[in-house]
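Subject: Model handover

Hello,

The structure you asked about is below. My notes on helix packing and salt bridges follow it.

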Amino acid sequence: RWALAGSVGNSFGPAAIGACVWAGVSWRWGFVLSGGLMLLAVAAAWRQPFETPSAAGAGDTRAALFKGLREALRALRRRAVLRWLVLLQLGDFTYDILRGFLALYFVDVVRAGEGGAALAVAVWTWVGLAGDFALVPLLERVRGLRYLRVSTAVVMLLFPVMLMAGGFSTKLVVLGLLGFANAGWYAIIKAKLYGELPGQSGTVAM
């Protein structure tokens, strides 16, 4: 669900900027609106109870930082931790990294023009959002690792098919299937990494 919230932001953020452009107003108004929404979120969270460590209990910040670094280095010696870290990076090749080069690929290789590239990015983003929505009830019935194995096999098939497919429309359809198939990779692998280090979320973040 946390990953789904991020996907919603990834999808509606560009859509809001696109709406500003379509309406003929500056894209800066999109950021002004976003800032207003954040202020509402702060107001809603203002009365929520948050534990704050006392000055006496917080200890020396520098010592705490070095302790965190030692814990992170110790965690890197564990095989299971390294496995999930490597899988996170490998999964990123057909996730964020692919999204970063998607527009360039459709302009320079497919020759689809700027409009075609924008459509490809939109398809990738919104299909991925649909996949994240579908994943929440799916993971209540299917084990995450089982889903990960099946979806990895599907992506390994779809990715070369997309590269070899001829025609803009065919590539777009396969791209949509690819974006749907790799939904949830980050959430599942990251959850496994957190599971290897219970109570050490700061170490995982490092």
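A crossing is called left-handed if the near helix is turned anticlockwise from the far one by less than a right angle, and right-handed if clockwise. Please keep in mind that this is a predicted model.

By that convention, the crossing of H1 and H7 is left-handed. Helix H1 covers residues 2–23, and its axis comes within 9 Å of the axis of H7, the two crossing at roughly 155°. Angles over 145 degrees count as roughly antiparallel, so H1 is roughly antiparallel to H7. On the H1 side the contact is made by Ala-3, Leu-4, Ser-7, Val-8, Asn-10, Ser-11, Phe-12 and Ala-15; on the H7 side it is made by Thr-125, Trp-126, Leu-129, Asp-132, Phe-133 and Val-136. Sorted by type, the residues of the contact of H1 with H7 are nine nonpolar, four polar and one charged.

H7 (residues 113–138) also packs against H6 (residues 96–108), with axes that come within 8 Å and cross at roughly 150°. H6 and H7 are therefore roughly antiparallel to each other as well, but the crossing of H6 and H7 is right-handed. H6 contributes Leu-98, Arg-99, Leu-102, Ala-103, Phe-106 and Val-107, which meet Gly-113, Glu-114, Ala-117, Ala-120, Val-121 and Trp-124 in H7. Here the residues of the contact divide into nine nonpolar, one polar and two charged.

Arg-99 is partly exposed at 29% relative accessible area, and Asp-96 is partly exposed at 34%.

How many salt bridges does the structure hold? There are three salt bridges, and the other two are described next.

Glu-140 pairs with Arg-1, the closest N and O atoms being 3.4 Å apart. Glu-140 sits in the loop between H7 and helix H8 (144–164) and Arg-1 in the segment before H1, so this pair ties together parts that are 139 residues apart in sequence. Both Glu-140 and Arg-1 are exposed.

Arg-78 and Glu-196 meet through their side chains in a salt bridge, 3.1 Å from N to O. Because Arg-78 is in the loop between helix H4 (61–75) and helix H5 (79–92) and Glu-196 is in helix H10 (residues 185–196), the pair links parts 118 residues apart in sequence. Arg-78 is partly exposed, at 35% relative accessible area, and Glu-196 is partly exposed, at 22%.

Regards

Key: Residues numbered from 1 in each chain as written. Predicted model: local features only at pLDDT ≥ 70, side-chain atom pairs only at ≥ 80, totals over all residues. Heavy atoms only, no water. Axes fitted to C-alpha atoms, helices over the stretch in contact; angles between N-to-C directions. Helix = DSSP H or I, 4+ residues; strand = E, 2+ residues; numbered from the N terminus. Parallel < 35°, antiparallel > 145°, perpendicular 65-115°, else oblique. Contact = heavy atoms within 4.5 Å. Nonpolar A, V, L, I, M, F, W, Y, C, P; charged D, E, K, R; others polar. Salt bridge = Lys/Arg side-chain N within 4 Å of Asp/Glu carboxyl O. Buried < 20%, exposed > 50% of the residue type's maximum accessible area, 1.4 Å probe, protein only.
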